[in-house]
Amino acid sequence: MATSCFGYPICSGVGMGSMMSSSYGIEGRNLSFSYRRGGKDVPILKDCSLRIPAGQLWMLVGPNGCGKSTLLKILAGLLNPTSGDVSIRRPRSFVFQNPDHQVVMPTVEADVAFGLGKFNLTPHEVRSKVESALDAVGMLEYLQRPVQTLSGGQKQRVAIAGALAEACRVLLLDELTTFLDENDQKGVIKAVKNSLGGLGEVTALWVTHRLEELRYADGAIYMEDGRVVMHGDVSSIAHFLNEKQIGYADC
Ligand SMILES: Nc1ncnc2c1ncn2[C@@H]1O[C@H](COP(=O)(O)OP(=O)(O)O)[C@@H](O)[C@H]1O
Ligand SMILES: [Mg+2]
């Protein structure tokens, strides 16, 4: 069996119980989740464990319906697991596939500043945080632009900037590039990579079905049927997927 980049077997749930540590931005231990349907519990996630070092970008891949979004929502606190534990740096932000669902204000500047209202900041402090966040995602020059003039990828970057402005420590990103062209796709990936540095480490978990994006990841997780099947080294997972002959359309 191949080993992950941290030297433990890449199959999930092995030897992870005693390894909870603050050097990880995201840790999930033995996470299970079921829906109640027709009087029965339908298992969706089955004993999923993962851990992602702080400051890294990891990608989560697997066939449609295997539970990627459900796992991401549990890590975001949007769903409660049926059992298992989450340990995650905060604040954390969940960015959805459709940016129109979260880019809500008329201009880029107003949208990124929107979440800062609760912090009792001076206008100068707000401006400074907005500009730093937009700079991190390569959108500073769009400060005054109406959001409806932006491409899908630019809107995603504005949504990410909004999270960064609020000093988020974890970005949970669900299939952001599905509907983007190659240029926009690269722009969003670059923005996320660039967000990891700077003041305070940001950790990112990126769900994708576009396997070519794996090359930008520091680590990867492969799921099937509600389980974490592989966890760790990107090239091992890419090799495994090639061996399985999983095409982009199937994953
Ligand atoms: N609100 C829901 N109610 C019932 N089943 C759901 C709900 N959301 C997702 N599921 C089921 O959970 C499984 C995993 O879904 P999801 O996490 O969205 O998978 P993925 O993101 O990998 O495509 C699927 O079988 C899906 O049909
Ligand atoms: Mg999904």
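Axes here are lines fitted to C-alpha atoms, for helices over the stretch in contact, and the angles between N-to-C directions run from 0 to 180 degrees. Keep that in mind for the views below, which all come from a predicted model.

**View 1. Helix H3 meets helix H4.** H3 covers residues 123-136, and its axis comes within 8 Å of the axis of H4, with a crossing of roughly 130°. That angle makes H3 oblique to H4. As for handedness, this crossing is right-handed. Look for Lys129, Val130, Ala133, Leu134 and Ala136 on the H3 side, facing Ala161, Leu164 and Ala165 of H4. Sort the residues of this contact by class and you get seven nonpolar, one charged and no polar.

**View 2. Helix H4 runs alongside helix H5.** Here we have residues 152-165 (H4) and residues 182-195 (H5), whose axes come within 8 Å and cross at roughly 15°. Angles under 35 degrees count as roughly parallel, and H4 and H5 are therefore roughly parallel to each other. H4 passes H5 in a right-handed crossing. From H4, the contact takes in Gly152, Gly153, Gln156, Arg157, Ile160 and Leu164. Their counterparts in H5 are Asp184, Gln185, Gly187, Val188, Ala191, Val192 and Ser195. The class count for H4 with H5 is five nonpolar, six polar and two charged residues.

**View 3. Three strands make an open sheet.** Reading across, the order is S2-S1-S4, and the strands pair in antiparallel fashion. S2 (40-53) and S4 (83-88) each have a single partner strand, so one side of each is left without a neighbour in the sheet. On average, neighbouring strands are turned by 20° against each other, direction ignored. Zoom in on S1 (residues 24-37) and S4: five bridges join these antiparallel strands. Which residue of S4 is the bridge partner of Ser32? It's Ser83.

**View 4. Helix H1 packs on the sheet.** H1 spans residues 68-76 and touches S1, S2 and S4. Its direction makes about 115° with that of S1.

**View 5. Ligand 1 and its surroundings.** Around ligand 1 you'll find Tyr35, Ile44, Gly62, Asn64 and Gly65, along with Cys66, Gly67, Lys68, Ser69 and Thr70. Which helix gives the most to this shell? That's H1, with three residues. By class, the shell has six polar, three nonpolar and one charged residues.

Conventions. Residues numbered from 1 in each chain as written. Chains lettered and ligands numbered in written order. Predicted model: local features only at pLDDT ≥ 70, side-chain atom pairs only at ≥ 80, totals over all residues. Pairing = 2+ DSSP bridges. Helix = DSSP H or I, 4+ residues; strand = E, 2+ residues; numbered from the N terminus. Contact = placed C-beta atoms within 7 Å. Near = placed C-beta within 6 Å. Nonpolar A, V, L, I, M, F, W, Y, C, P; charged D, E, K, R; others polar. Parallel < 35°, antiparallel > 145°, perpendicular 65-115°, else oblique. Left-handed = near helix turned anticlockwise from the far one by under 90°.
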